[in-house]
Amino acid sequence: MADDEIERLSDLRTVKRNRLRVIERQIAQFGETYAPAHLLTERAELQETLKKYETVLGSSIPSDVGDD
């Protein structure tokens with residue numbers, strides 16, 4: 001994976017993590033039971049997206065690894 005693509009995914013992961021923190025704070029204010037459905041849905045979607053980013057970024061081969 002190209003370095004610029006790794007950087008782009010890493011930046012997106014940071015943005016999604018920040019958004020997840022905001023959503024979790026809002027859910028906590030309502031309480032899990034009374035939180036609006038759109039917040040619960042967005043939290044689930046963000047968690048799934050973050051798992052995908054972690055999988056992709058965790059499986060990428062560092063650019064400094066190569067044949068000696």
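The model is predicted, so local features need pLDDT of at least 70 and side-chain atom pairs count only at pLDDT 80 or more, while totals for chains, interfaces and linings use all residues. Residues are numbered from 1 along each chain as its sequence is written, and side-chain values use heavy atoms, with hydrogens and water left out.

Let's start with the overall picture. The protein chain has two helices and zero strands; here helices (H or I, at least four residues) and strands (E, at least two) are DSSP runs, numbered from the N terminus. Of the 68 residues in the protein chain, 19% are buried, where buried means under 20% relative accessible area, exposed over 50%, and partly exposed in between (1.4 Å probe, protein chains only). Among contacts with a separation of 6 or more, 57% involve residues 24 or more positions apart; contact means heavy atoms within 4.5 Å.

Now for the two helices together. Helix H1 covers residues 3-30 and helix H2 covers residues 37-59; they pack at an angle of about 150°, with their axes 9 Å apart. That makes H1 roughly antiparallel to H2, a label for angles over 145 degrees, with under 35 counted as roughly parallel, 65 to 115 as roughly perpendicular and the rest as oblique. The axes are lines fitted to C-alpha atoms over the stretch in contact, and angles run from 0 to 180 degrees between N-to-C directions. By class, the contact of H1 with H2 has 14 nonpolar, four polar and eight charged residues.

Back to Leu39, which is buried, with a relative accessible area of 4%. Not counting residues up to four places away in sequence, Leu39 touches Ile23, Gln26, Ile27 and Phe30. The C-alpha atoms of Leu39 and Ile27 are separated by 6.8 Å, and these residues are twelve apart along the chain.

Two arginines are worth a visit too. Arg43 is found in helix H2 and is buried, with a relative accessible area of 17%. Its side chain joins that of Glu32 through a polar contact of 2.5 Å; such a contact is a pair of N or O atoms within 3.5 Å, where within protein one must be able to donate a hydrogen and the other to accept it, and residues adjacent in sequence count only if both atoms are side-chain atoms. Leaving aside neighbours within four places in sequence, Arg43 is in contact with Leu20, Ile23, Glu24, Ile27 and Glu32.

Arg13 is found in helix H1 and is buried, with a relative accessible area of 16%. The side chains of Arg13 and Glu54 make a polar contact (3.2 Å). Beyond its neighbours within four places in sequence, Arg13 is in contact with Leu50, Tyr53, Glu54 and Leu57.

Notes:
Nonpolar A, V, L, I, M, F, W, Y, C, P; charged D, E, K, R; others polar.
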